[in-house]
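Please have a look at the fold before going on.

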Amino acid sequence: MKLASLKHGRDGRLVVVSDDLAWCAAPPPMYPNLQSVLDDWERAAPVLEGVALSLAHDAVPHARFHERDAAAPLPRAYQWADGSAYVNHVELVRRARGAELPASFWHDPLMYQGGSDQFLGARDPIAFHDPAWGLDLEAEVVVITGDVPQGATREQALAAIRLVGLVNDVSLRGLIPDELAKGFGFVQSKPASSLSPVMMTPASLGDRWQDGKLHGTLNIDLNGQMFGRVATHVDMTFDFGTLIAHLAKTRPIIAGSIIGSGTVSNRDAAGGPGWPCAQGGSGYACIAEQRMVETILTGAPSTPWLAPGDVVRIDMLDDRHHSLFGAIEQQIVAA
């Protein structure tokens with residue numbers, strides 16, 4: 001089952017989307033937005049599955065689905081917590097700041113609490129304010145949860161995953177070092193993130209969802225050129241069950257919480273940091289990693305941060321080369 005929110009008011013208008021992303025149908029009136037479904041999942045999910053089945057058989061009123069008309073599936077959420085499941089990424093960006101990676105990062109997940117009051121739609125522009133802020137993309141996998149009790153096990157956490165999708169977790173690299181040096185977390189360096197147009201239930205992903213990991217290749221393009229072709233199931237140190245259980249250690253998690261994987265990051269075959277797509281590698285899911293590799297190879301970074309006019313595209317394709325979640329495609333525009 002695929003769900004999306006069309007732009008309508010603050011919370012969007014929920015629609016069920018066909019597998020090929022071509023058509024959408026409205027759910028019953030008692031479920032006007034996605035949060036209403038998450039709050040009543042046990043009863044709502046079978047109803048929406050029925051709508052999806054009827055849509056597949058052309059047995060329900062429907063309309064064309066256009067990704068440009070979609071808001072974020074949850075335009076505002078109760079919680080946004082982003083982990084760092086791909087420790088290779090953490091190691092590289094810390095090396096860029098001259099910071100060593102603590103050994104604990106390999107067995108104790110790193111996580112920050114982000115701003116959840118606004119998520120951008122997949123076609124909404126990203127505002128550019130100051131070149132010194134170092135605007136960067138971060139392509140990740142996300143899940144949306146139901147209620148998770150405090151102290152949940154990994155298995156309980158996995159069972160509470162309702163939907164899976166993608167996110168562009170926008171970062172301001174120039175602001176991060178000074179902010180982290182204060183000893184707290186990200187605030188100014190993390191503006192609004194952007195969610196994929198469509199979210200899917202784990203069951204609808206079939207073999208692509210295994211043991212709390214999304215299996216597939218995340219395609220990242222920058223200005224129409226390949227920037228990353230990274231495997232989401234490879235080099236993922238912590239699965240989503242582990243991330244969610246980590247968050248729930250001291251508090252319950254409320255239905256409608258969004259949990260991120262952190263930037264997807266792959267090593268090369270020899271265990272190194274990976275190579276750019278232009279040099280035959282799998283590339284990167286953020287500019288910071290490419291700049292770090294350039295520094296390792298040449299002594300200085302050469303890839304610039306994002307600037308007005310740049311276009312970022314993040315997508316994942318199925319076996320027939322059709323988009324699974326719809327594409328995040330955003331232009332950088334001067335604020």
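How many helices and strands does the secondary structure of the protein come to? The count is 7 helices and 22 strands, where helices (H or I, at least four residues) and strands (E, at least two) are DSSP runs numbered from the N terminus. This is a predicted model, in which local features need pLDDT of at least 70, side-chain atom pairs count only at pLDDT 80 or more, and totals for chains, interfaces and linings use all residues. Residues are numbered from 1 along each chain as its sequence is written, and side-chain values use heavy atoms, with hydrogens and water left out.

**Overall shape**
- Along the principal axes, the C-alpha atoms fill a box of roughly 60 × 45 × 40 Å.
- Of the 335 residues, 55% are buried, meaning under 20% relative accessible area with a 1.4 Å probe and protein chains only.

**Nonpolar cores**
- A nonpolar core is a set of buried Ala, Val, Leu, Ile, Met, Phe, Trp, Tyr and Cys residues joined through side-chain atoms within 4.5 Å.
- The largest one has 65 residues, and Val-164, Leu-166, Leu-214, Leu-218, Ile-220 and Phe-325 have the most contacts inside it.
- Helix 6 (residues 240-247) gives the largest share of this core, 5 residues.
- A second, separate core holds 31 residues, including Leu-3, Val-16, Val-60 and Met-199.

- Five strands form an open sheet in the order 9-22-21-18-19, with mixed pairing; two strands pair if DSSP finds at least two bridges between them.
- Strand 9 (126-128) and strand 19 (225-231) are the edges, each pairing on one side only.
- Neighbouring strands here are turned by 20° against each other on average, direction ignored, using axes that are lines fitted to C-alpha atoms.
- Strand 9 runs parallel to strand 22 (residues 328-334) over 3 bridges, and Phe-128 has Ala-334 in strand 22 as its bridge partner.

**Cysteines**
- The structure holds 0 disulfides, a disulfide being a pair of cysteine sulfur atoms within 2.5 Å.
- Cys-286 is buried, with a relative accessible area of 0%. Its sulfur is 13 Å from the closest cysteine sulfur, in Cys-277, which is too far for a bond.
- Cys-24 is buried too, at 7% relative accessible area.

Conventions
Buried < 20%, exposed > 50% of the residue type's maximum accessible area, 1.4 Å probe, protein only. Axes fitted to C-alpha atoms, helices over the stretch in contact; angles between N-to-C directions.
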